[in-house]
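This report covers ring contacts and the nonpolar core. The chain and its model come next.

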Amino acid sequence: MSKTFRLLLSLVALLAAAAAPFAASARVRIDVTQGNIEPMPIAVPDFIATSAPMSDLARDITDVVKADLDRSGLFAVIDPRAYIENLESVNVRPRFPDWRLINAQVLVVAETRDLADGRIEVATRVWDVYAGEQLGAVAFKTPADNWRRAAHKVADFVYKSLTGEDGYFDTRVVFVHETGPKDNRVKRLMIMDQDGANPTFLTDGLSYQALTPRFSPTQQQITYMALFQNRPGQVYLFNIETGEQEQLGSFRGMTFAPRFTPDGARVLMSMERGGNSDVFMMDLATRRLTRLTDNPAIDVSPSMSPDGRRIAFASDRGGSQQIYVMNADGSNQRRITFGEGRYQTPVWSPRGDLIAFTRQYQGRFYIGVIRPDGTGERLLTESYLDEGPTWAPNGRVIMFYRQTPTNRDGSGGTSALWSIDLTGQNLRRIPTPGDASDPAWSPLLP
């Protein structure tokens, strides 16, 4: 993929002198740690276009911002038909009584302008309607064809202004795109914006099947498993910017379930030797391989904590597959789940406070979370088949894939991406072009 796909955005101060008279401390705040949050009423008028050619683009940017905020489940965007004031400039103080009449707690005012160098600027102010105070102001400059990223940046800014935490809208998702009959599926890597826009294939699906893609936390890079017809599956690296691929060593047994360490310098993976699977770690600079588990049971799906000190993995050494945690050097291996059924695909939260997992019990699948010490297990979803959790970079939303059962006539069996927040609320389907599985959420884009 070309470097223009990087969507370079520069963050600039928004007319600091003009903003000074409006500055005040924030009073409106959403506590995202609480369950059953009542969405906050928020007004998002169409972004002001400073020139006629900008009108359509300003409206498109507005629609993306509103969709991001609505999809979070934290905000209820008020119908624009209820708006009273017709805003003409981002630098004019709003008539707050007009916005209080429609019960808006927060007002987002923004304008777009075209710059002499061919770029656009999107300037935004976030207002506390009842206090009559500005909560924040920001502007983004970007090439005009990168306007969607500017919209996601604005939504992230609003989210942080009102929650105190980073948003997750300016991110991408890589997943497995699936086509063909169930007995002959073609599985290719695809990447898209977190809202389903800009889907792009990364692999062609001709010579191998691509499985379990995972993002690097520090580079525009993916690690995944390539499954060939006549030889064991192997772990690869994929450079998103250049399209270059590289195999991580050549091993007789299968290597699978790869995942980067938080520093991006190493890859954890499972390796099959003599019919048994253990957890290994490879240093990407030296290609030195370190064995972390050595057990006659099957040890798979390693995931390292954000501080780099511990690793979660799944193992059936206790009779049924459960989740275990060990130190980063493989010492002090201990079981943390003891429920009935099978636990698999543990993934450490970016915040470090929880581990997401898949649980299979009595013919049903669940996505759940548990603390690293084994306490506080909660199940967030239930269906015929839910698998493959991945965290938003702020640790507040989980994406996964859900498969429907196949009917006797061969119909059904479709697979789609879904998201749910940490409270178990706000279940949403993510649009994809066709069947999708194994999602992996990127960090916030630079």
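## Charges over rings

Arginine 188 lies over the face of phenylalanine 201, 3.4 Å from the ring centre. Arginine 402 has its charged end over the ring of tryptophan 418, at 5.3 Å from the centre. The criterion is NZ of Lys or CZ of Arg within 6 Å of the ring centre and within 35 degrees of the ring normal.

The model is predicted: local features need pLDDT of at least 70, side-chain atom pairs count only at pLDDT 80 or more, and totals for chains, interfaces and linings use all residues. Residues are numbered from 1 along each chain as its sequence is written, and side-chain values use heavy atoms, leaving out hydrogens and water.

## Aromatic pairs

Rings of Phe, Tyr and Trp (its six-membered ring) pair if their centres lie within 6.5 Å; planes under 30 degrees apart are stacked, over 60 edge-to-face, the rest tilted. The count is 13 aromatic pairs. Tyrosine 159 and tyrosine 168 are edge-to-face, because their centres are 5.8 Å apart and their planes at 80°. Tyrosine 168 and phenylalanine 169 are tilted, with centres 4.6 Å apart and planes at 40°.

Tyr159, Tyr168, Phe169 and Trp441 form one aromatic cluster. Tyrosine 168 is buried at 6% relative accessibility, and phenylalanine 169 is buried at 0%. Buried means under 20% relative accessible area, exposed over 50%, partly exposed in between (1.4 Å probe, protein chains only).

## Nonpolar core

A nonpolar core joins buried Ala, Val, Leu, Ile, Met, Phe, Trp, Tyr and Cys residues through side-chain atoms within 4.5 Å. The largest has 47 residues. Leu69 and Leu162 are among those with the most contacts inside it.
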